[in-house]
Amino acid sequence: MRKRLLQATLLAVALTAFVLGIPLVVSALKLVEDITRGDLSGRAQQIATRLDEQVAAGEPIELSNVRLVVPDDARLTVRISDRTYTYGTDPGEDPLVETVSMVQSGTVRLAVPSSPVRTQQLQVAGGISLLAVLSAATGGFVAIVTARRLADPLRHVADRANRLGAGDFRPDPKRHGVPELDRVADALDASGAALSQLMQRERELVGDVSHQLRSRLTALQLRLEALAETEDEETAEEAGAALEQAERLSGVLDDLLAAATAARARDAEPLDVSAELSGVAEEWREQFRAQGRTLRLRIEKELLARATPARLREALGVLLDNALRHGEGTVTLSAKYGSGTVLVQVADSGGGVPEELVPHVFTRGFSGGGSTGVGLALARALIEADSGRLELSRPATFEIYLPVARADDVLGVPWQTDSTPR
């Protein structure tokens, strides 16, 4: 984008310099010559007038009386009747000549060398060319600044759209002062908020439906088991068949939930959690420093987990922002291998979540600190979308459990989950 804008602007500047510069150079060259010829014509007219006065008074022709009007390097030639009078040096080849007629049937001819005029013309043309080059350079500088001012915001908005498509729903407060791009950024933020709410409602709906169906199936299975133990053989047989169908239905429900989990986690990939956390810490460290806080990083090397980078960054951003707003002291971001998982912890030195709020901390819309109550619910939804878990283990410590990337993940074999997150 920047290259195209730069090329278009430079092309416009070059065409402008070409279209205006050539006529300007031609006009300037013509103007220099016209000024010189005008001066010669004026001098020749003065000489002719003076000589006409001499002839009218019956005086002999004396060119010495008009020598002050003749330029130093010019030659004056006067023709009256059959006589020719000359004064001055030879102007050389291809001189500039101006001829004026006299009243007394004669002519006055002034000739000057053309080389000084050509030199002056070259100087004027060089000045105009230099001006054109300076104009082109100024236009190029303006083009570079303009291209950067337009291309950088466009690139930023495009990156924001890519992050949104990858599951990063965090609002981006950066604006560029370009009304059209700022409206696009506002629309992306609104879309991110709507998508995050939609994801949360979807997970809540799936959870509620799953809970209700399991409860009803469990009650149905208990009733069928009781009927299967009756003494009536026909009733017991029918109850057993119905119980078998209920168990199959329960298995189908488990498969459907597992498939839904796998579909949500289809974008998850083997991720170097160590490198990802380092990048997140670098992004947030300055914000902690601005409030006199410290963000400490403790991670093992080469931690490979199955996760979506954008979702993990979003969830970590929520937890770090929560620690920055509501926590105290040093915040520690750590990661290590656990039992079949990669454990990521965000802890601060404050008192943490009050005991009475712990059961509701991940409830959407609930907040004990004056916030919207959306962040932690969204963070849990994002982590669970990659078959992970987000829990509050201690009042001031949040833990993320991510599935470890298996060997077939690293080798490129499609990943499938065989269980729902618990």
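## Report on a predicted protein chain

Among contacts in the protein chain between residues at least 6 apart in sequence, 66% link residues at least 24 apart, where a contact means heavy atoms within 4.5 Å. This is a predicted model, in which local features need pLDDT of at least 70 and side-chain atom pairs count only at pLDDT 80 or more, while totals for chains, interfaces and linings use all residues. Residues are numbered from 1 along each chain as its sequence is written, and side-chain values use heavy atoms, with hydrogens and water left out.

The table gathers values for the whole chain.

| Property of the protein chain | Value |
|---|---|
| Secondary structure | eight helices and 11 strands |
| Buried share of the 422 residues | 37% |
| Accessible surface | about 24,300 Å² |
| Share of that surface on carbon and sulfur atoms | 55% |

Helices (H or I, at least four residues) and strands (E, at least two) are DSSP runs, numbered from the N terminus. Buried means under 20% relative accessible area, with a 1.4 Å probe and protein chains only; accessible areas come from the Shrake-Rupley method with a 1.4 Å probe.

Strand S10 (residues 389-394) and strand S11 (residues 397-403) run antiparallel and are joined by five bridges, pairing being assigned if DSSP finds at least two bridges between two strands. A hairpin connects S10 to S11 through two residues, and Leu390 stands opposite Ile400 in S11.

Glu98 lies in strand S3 (residues 96-102) and is buried, with a relative accessible area of 18%. Leaving aside neighbours within four places in sequence, Glu98 is in contact with Arg37, Leu40, Ser41, Val108, Arg109 and Leu110.

Technical notes. Buried < 20%, exposed > 50% of the residue type's maximum accessible area, 1.4 Å probe, protein only.
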